[in-house]
Amino acid sequence: MSTSAVRRRSRNSLRAELPLILWLVVVWGALWGDWSIGNLVFGLLLALLVTRLLTLPPVRLSGRFNVVHFALFVPTFIWQVAKASFHVSWLAVTQGPRVCNAVLGVPLRQNNDLLMTAVGHTMALIPGSLVVEVDRGNGILYFHVLDISTPEQAEAFRRSALDIEAAWIRIMGTREDLKLLTVVGDSDNTEATGALESPTHEMDEADTGHGEERS
């Protein structure tokens, strides 16, 4: 059984594996903190080596990659990393160890290995949260999240994770995954432009609204 799976995996076209290759390049740049052309080209060569020559378990790929949504995703993601970095630094200076944290479960729309990995790594690269457990069978990611003191803030963080999942589905999800975004009542901030809302921004808005209700 494993041999046939490997053989099916080896017959995947380069076009079908393009989303995985690009994601490996992004992870390589993030791990080294170096987005120079030379480093990314070296990461691309390693990604090609890993996906085309090494024997790997089969990964279900959609065979599609939306360049427009990816182009919108990258600059907004970088901006949110910068904003969240400032927010975490501000908390460290003003609150220190008094900051309230929480472990939150986020049920995703799907349990595709590649999409769950993309969502988890994207959220982890935005300062303030870290994946601590993955429930692949039920499609749930568990995060340790900084600065969670109200149920409204917890729900805002979950919405931000679902927004990022929606962005990745539009970039490289299957046709079936895309249909999940059209469910009635399922709204997200990426619907029109592919831009992402900062988790810390949504949590701050939730906290402000909660404070106004109490007053």
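This is a predicted model: local features need pLDDT of at least 70, side-chain atom pairs count only at pLDDT 80 or more; totals for chains, interfaces and linings use all residues.
Two packed helices are described by the angle between their axes and the distance between the axes. The table gives these values for the two pairs.

| Helix pair | Angle between axes | Axis distance |
|---|---|---|
| α5 (residues 113-125) and α6 (residues 151-172) | about 130 degrees | 9 Å |
| α4 and α6 | roughly 145 degrees | within 7 Å |

Because the angle for the α5 and α6 pair is about 130 degrees, α5 is oblique to α6. The crossing of α5 with α6 is right-handed, whereas that of α4 with α6 is left-handed.

On the α5 side, the residues that meet α6 are Leu 114, Leu 115, Ala 118, Val 119, Thr 122 and Met 123, and their partners in α6 include Phe 157, Ala 161, Ile 164 and Trp 168. This contact of α5 with α6 has 11 nonpolar, two polar and one charged residues. Val 119, when neighbours within four places in sequence are left aside, is in contact with Leu 108, Leu 141, Ala 161, Ile 164, Glu 165 and Trp 168.

In the other pair, His 69, Phe 70 and Phe 73 of α4 make the contact with Ala 167, Trp 168, Arg 170 and Ile 171 of α6, and by class these residues are five nonpolar, one polar and one charged.

The largest nonpolar core has 33 residues, and the members that touch the most others are Leu 104, Val 119, Met 123, Phe 143, Phe 157, Trp 168 and Met 172. At least two residues of this core come from each of α2 (18-32), α4 (67-94), β1 (102-107), α5, β3 (140-145) and α6, with α6 giving the most, 10 residues.

How values were computed
Residues are numbered from 1 along each chain as its sequence is written. Side-chain values use heavy atoms; hydrogens and water are left out. Axes are lines fitted to C-alpha atoms, for helices over the stretch in contact, and angles run from 0 to 180 degrees between N-to-C directions. Helices (H or I, at least four residues) and strands (E, at least two) are DSSP runs, numbered from the N terminus. Angles under 35 degrees count as roughly parallel, over 145 as roughly antiparallel, 65 to 115 as roughly perpendicular and the rest as oblique. A crossing is left-handed if the near helix is turned anticlockwise from the far one by less than a right angle, and right-handed if clockwise. Contact means heavy atoms within 4.5 Å. Ala, Val, Leu, Ile, Met, Phe, Trp, Tyr, Cys and Pro count as nonpolar, Asp, Glu, Lys and Arg as charged, and the others, Gly among them, as polar. A nonpolar core is a set of buried Ala, Val, Leu, Ile, Met, Phe, Trp, Tyr and Cys residues joined through side-chain atoms within 4.5 Å. Buried means under 20% relative accessible area, exposed over 50%, partly exposed in between (1.4 Å probe, protein chains only).
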